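Here are my notes for your first read of this model. Keep the structure open beside them and check each point as you go.

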Amino acid sequence: MLKENRTFRTLFISYGLSTLGDWFDFIAVSILLGFVWKVDPMTMALLPVAYAAPSILLGQFAGVLADRVNKVQMIMTMNIIQAALTLLLLAMPNPFWFLVVISLRSGASVFNDPAQQTLTRQIVPENQLLQASALNGAVYQMGKLIGPLAGGLVAAVFAPAICLMINASTFLLSTGFLFTIRKVENTLSRTSVEEQPLPYRQAWQEGWRIFLQNRILLFSTIFATVTSLAIQLADTQFPVIFREKLPNNPEMLGFTVSVIGLGALVTVTLLHRLKEIRSYGWVLGGSVLLIGTSFSWIGFFQPGDGMYWLLIPAILAGVGTGLTSVGANYLVQKESPPQALGRVRGIIDSLTSATFIIAPLLGGVIMTIWGPNTAFLWVGMLIAAIGGGAVLLQRWIWGNRIKNVAVATATAGSERVG
């Protein structure tokens, strides 16, 4: 049973603490920039860039590193760096330097994900990978639900600086838990054949070769990126469409976002009961279909329909978000060769992180040209069509997953010998 796996349990608690802390101070950062410094819209638009750009630049390097070093020590080191940089935010004299430190902190966090995913693959049996992915997805969604709410409350009652201090404390507490399993990889390495690591450039090229030659990883990443782009586009433009649809009911924006989070949380909790995902087409294509349908529903909605009808597309979007978050993580762990998981994860992270920069800009352009109603309607229909097509053509798109993994692994092995 997964709950009896002490190493995973410790890693899970550590991940939960750091995730909660990340979302906890997200609101504090926004309050400091928007309400304390009262920055202009252009400066505010740089905040998602500060969070996402380091992953685009460093994600692939972090993936290669995760395959070569002690992963527990790597996460512990980055946690300590993030704690120090979080406290350093308190001393920043202006928004420019504040955003610089945010970027540095995000750069340190880039190294945590491939290390955490690779370590999970090493310590969790293959038949429990879906449960592990679902648990990690659940704690992420809970952090997204609870963190901003609690962070906003603490920032309002006390001060945004308290949120930053709490986040720094969660990083240190997370490191303390990891300290108890710091030697686990020494035990794992004794049970496997030691291999001479490839030079960095060759290891990076091998990671890309595995990724591009594995049909499942390649197509699934495309769908995960489309889904992420759609989610981010909606997140940035929800205030605009709700201002258009329900100008006298601003509370519906908060209700809708909460229902999306709740739908995602319920979905990942239900996925935890399964042992494996047999059809990637239904999970990834279905998630895109649901999210696209929810956008079109919002575009069709008219104020006279009754504002609570908007909660139905919110549930659909939440289910779609939950499916893609767990499905994508499980797929990467399941289909990547174990010796290259960090590199593959780093490549995927660097690609999907680009959506955090592209989506706000693209959303602004589309909303300006088409208007909120038409934009949500047609973008939703396009996304739904992509998802529906993926479901119908899943056998052609994803092919034989066992055969593809075998080919990718054999290719990696031949490159290592050569």
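1. Surface. The protein chain exposes about 19,200 Å². Carbon and sulfur atoms supply 70% of that area. Keep in mind that this is a predicted model.

2. Burial and overall form. Of the 418 residues in the protein chain, 52% count as buried. A compact globule with 418 residues would have a radius of gyration near 22 Å, and the protein chain has 21 Å, so the two agree. Along the principal axes, the C-alpha atoms fill a box of roughly 65 × 55 × 40 Å.

3. Secondary structure and contacts. How many helices and strands does the protein chain have? There are 18 helices and zero strands. Now take the contacts between residues at least 6 apart in sequence. Of these, 86% join residues at least 24 apart.

4. Helix H16. This helix covers residues 372-392, which makes 21 residues. From its first C-alpha to its last it reaches 30 Å. That is close to the 30 Å expected at 1.5 Å a residue. Its buried residues include Pro372, Phe376, Ile383, Gly387 and Val391. What do the buried residues of H16 pack against? Their partners are helix H10 (215-245), helix H12 (280-300), helix H15 (355-370) and helix H17 (394-398).

5. Trp378. This residue also belongs to helix H16. Is Trp378 buried or partly exposed? Its relative accessibility is 48%, so Trp378 counts as partly exposed.

6. Gln141. Look in helix H6 (residues 129-157) for this one. Why does Gln141 count as buried? Because its relative accessibility is 3%, and the cut-off for buried is under 20%. Set aside its neighbours within four places in sequence. Gln141 is then in contact with Gly261, Ala264, Leu265, Thr321 and Ser325.

7. Aromatic pairs. A search of the whole structure finds eight of them. The rings of Phe96 and Trp97 have centres 5.2 Å apart and planes at 80°, so this pair is edge-to-face. That label needs planes over 60 degrees apart. Phe96 counts as exposed, at 54% relative accessibility. Trp97 is partly exposed, with a relative accessible area of 43%.

8. Trp208 and Phe211. Here the ring centres are 5.7 Å apart and the planes stand at 85°, so this pair is edge-to-face. Both residues lie in helix H9 (residues 200-213). They are three residues apart there, so about one helical turn separates them. Trp208 is partly exposed, with a relative accessible area of 22%.

9. Phe61, Phe111 and Tyr200 form a cluster, linked by ring pairs.

Terms used
Residues numbered from 1 in each chain as written. Predicted model: local features only at pLDDT ≥ 70, side-chain atom pairs only at ≥ 80, totals over all residues. Heavy atoms only, no water. Helix = DSSP H or I, 4+ residues; strand = E, 2+ residues; numbered from the N terminus. Buried < 20%, exposed > 50% of the residue type's maximum accessible area, 1.4 Å probe, protein only. Contact = heavy atoms within 4.5 Å. Expected span 1.5 Å × (residues − 1). Phe/Tyr/Trp six-rings, centres within 6.5 Å; stacked < 30°, edge-to-face > 60°. Rg over C-alpha atoms; globule rule 2.2 N^0.38 Å. Areas by Shrake-Rupley, 256 points an atom, 1.4 Å probe, with all protein chains shown as cover.
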